[in-house]
Structures are given as structure tokens and as C-alpha cells.
Amino acid sequence: MRKIGKAAYIFAVLGVIFTGCAGYGSGKGALGSRMGILPEKEYEKSYWPKSEMASLIPEPEFDLGRVEWESDYGFAVSVAEIPEQDFNKYVRACYQKGFNVNYQKGIAFFCADNKEGYHLILKGGENNIMYVRLDGPEHYGNGWDIRKIHN
């Protein structure tokens, strides 16, 4: 009886461990949800927003993406199949286009303002997907905190 109890306990613990790990490493889990990325939505061509605000930053030279959300005060786009060197090239292009005020840069992320107060967030790395978010100054204000975005 005691051996059966131990075996059942071990089996139950292993079941919990394997079930938990399967959901954790799926690539479409917690990080994507925190960033507002919708994993079930397909990537498409001609995804870049047509708004005037979208023209403040270069349109990425990559074929596949999707608009995660768009409004009159900002937008967020996910761009697929972006290796690290292309992410860094896009960061430089945004910097040269004027997003070089109060900038913060690290491995696979870049955040900056332009002189008009627009706020840009670029995040890359996970599954070669680049996340682009641009907010207008009237919506986001000047007190944004990089730690809230990257933690």
C-alpha cells in the first residue's frame, strides 16, 4: 500500500511538471500577451499603417507583419522574420529619422522620443519578431518608464 501511494504521488508530481512546462515554452505565452501581441492572428503583406503618425518612422523593409492595434494617438505593429542584425539596422534608421531624444538602447530593445515628443518603442529578439509601438505626445506624456516596458 505504501509503495502504491509513493508511485501515485510521483506520477502526480511529474504530470504537473510536464503540463506546466508545455505551456511555458510555447513561444506564444506570457511575453507576447504582456506586449499586446495576438498570437492567433496571421502575418500579412502590406501591413504598415497608413496614418500620418506611421510616416514619422521608416516603414520596415520586411515582407510580413500585422497591426496589433491602431488609433488616432498611436499604433503597434509586429514584424515577422527579423534577425538581430536587421533589428539593429532598423534601430539606426529610426535614430537617424529623429528618434534620438532621451533614447535608451540595449540588447533587442530601443526606446526614444523625437523632438515633438512622440515616443517609440522597438523590441526584438523573441522568435525573430520585432515589436514596434509609437505613441503621440498627448497620449503618453513625458514620464514613461523603461523598466515598466521591459520587465
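Is P60 buried or exposed? Hello everyone, let me start with the answer: P60 counts as buried, at 6% relative accessibility. Buried here stands for under 20% relative accessible area, exposed for over 50%, and partly exposed for anything in between, with a 1.4 Å probe and protein chains only.

Before I go on, a word on how to read this. This is a predicted model, where local features need pLDDT of at least 70, side-chain atom pairs count only at pLDDT 80 or more, and totals for chains, interfaces and linings use all residues. Residues are numbered from 1 along each chain as its sequence is written, and side-chain values use heavy atoms, with hydrogens and water left out.

So how confident is the predictor? pLDDT is its confidence in each residue, from 0 to 100. The protein averages 74, and 64% of the residues score at least 70. Over residues 6-38 the pLDDT is below 50, and this stretch has 17 contacts in the model beyond near neighbours in sequence. A contact, by the way, is a case of heavy atoms within 4.5 Å. Residues 141-151 also stay under 50, and there the model has 19 contacts beyond four places in sequence.

Now the overall picture. The protein has 5 helices and 6 strands. These are DSSP runs numbered from the N terminus, with helices being H or I of at least four residues and strands being E of at least two. Read from the N terminus, the elements go α-α-β-β-α-β-β-β-β-α-α. Of the 151 residues, 34% count as buried. Among contacts with a separation of 6 or more, 46% come from residues 24 or more positions apart.

Let's look at the sheet. The 6 strands form an open sheet in the order β1-β2-β6-β5-β4-β3, with antiparallel pairing. Two strands pair if DSSP finds at least two bridges between them. At the edges stand β1 (65-71) and β3 (101-106), each with a single partner strand, so one side of each is left without a neighbour in the sheet. From one strand to the next, the twist averages 5 degrees.

Within that sheet, I'd like you to follow β5, residues 119-123. It is mostly covered, with 4 of its 5 residues buried. On one hand, β5 pairs with β4 in the antiparallel sense over 5 bridges, and F109 stands opposite K123 in β5. On the other hand, 5 bridges join β5 to β6, residues 130-135, again antiparallel. K123 stands opposite Y131 in β6, while the bridge partner of L120 in β6 is L134.

The turns have a glycine each to point out. The hairpin of β4 and β5 has 5 residues between the strands, and G117 takes a positive phi near 95 degrees there. The hairpin of β5 and β6 has 6 residues between the strands, and in this one G125 takes a positive phi near 105 degrees.

What lies across these strands? Helix α3, residues 84-96, lies across β3, β4 (109-113), β5 and β6, running at about 170 degrees to β5. For the angle, axes are lines fitted to C-alpha atoms, for helices over the stretch in contact, and angles run from 0 to 180 degrees between N-to-C directions.

Next, the aromatics. The structure holds 5 aromatic pairs. Rings of Phe, Tyr and Trp (its six-membered ring) pair if their centres lie within 6.5 Å; planes under 30 degrees apart count as stacked, over 60 as edge-to-face, and the rest as tilted. The rings of Y47 and W48 have centres 6.4 Å apart and planes at 80 degrees, so that pair is edge-to-face. Both are buried, Y47 at 5% relative accessibility and W48 at 6%. W48 also pairs with F75: the centres are 5.6 Å apart and the planes at 80 degrees, so this pair is edge-to-face too. That pair links distant parts of the chain, with W48 in the loop between α2 (30-35) and β1, and F75 in strand β2 (residues 74-79), 27 residues apart. F75 is buried as well, with a relative accessible area of 1%. Together, Y47, W48 and F75 form one aromatic cluster.

And that brings us back to P60. P60 is found in the loop between α2 and β1. Leaving aside residues up to four places away in sequence, P60 touches Y47, W48, V79, Y90 and M130. P60 and Y90 are 30 residues apart in sequence, with 7.1 Å from C-alpha to C-alpha.

Definitions and conventions
pLDDT is the predictor's confidence in each residue, from 0 to 100.
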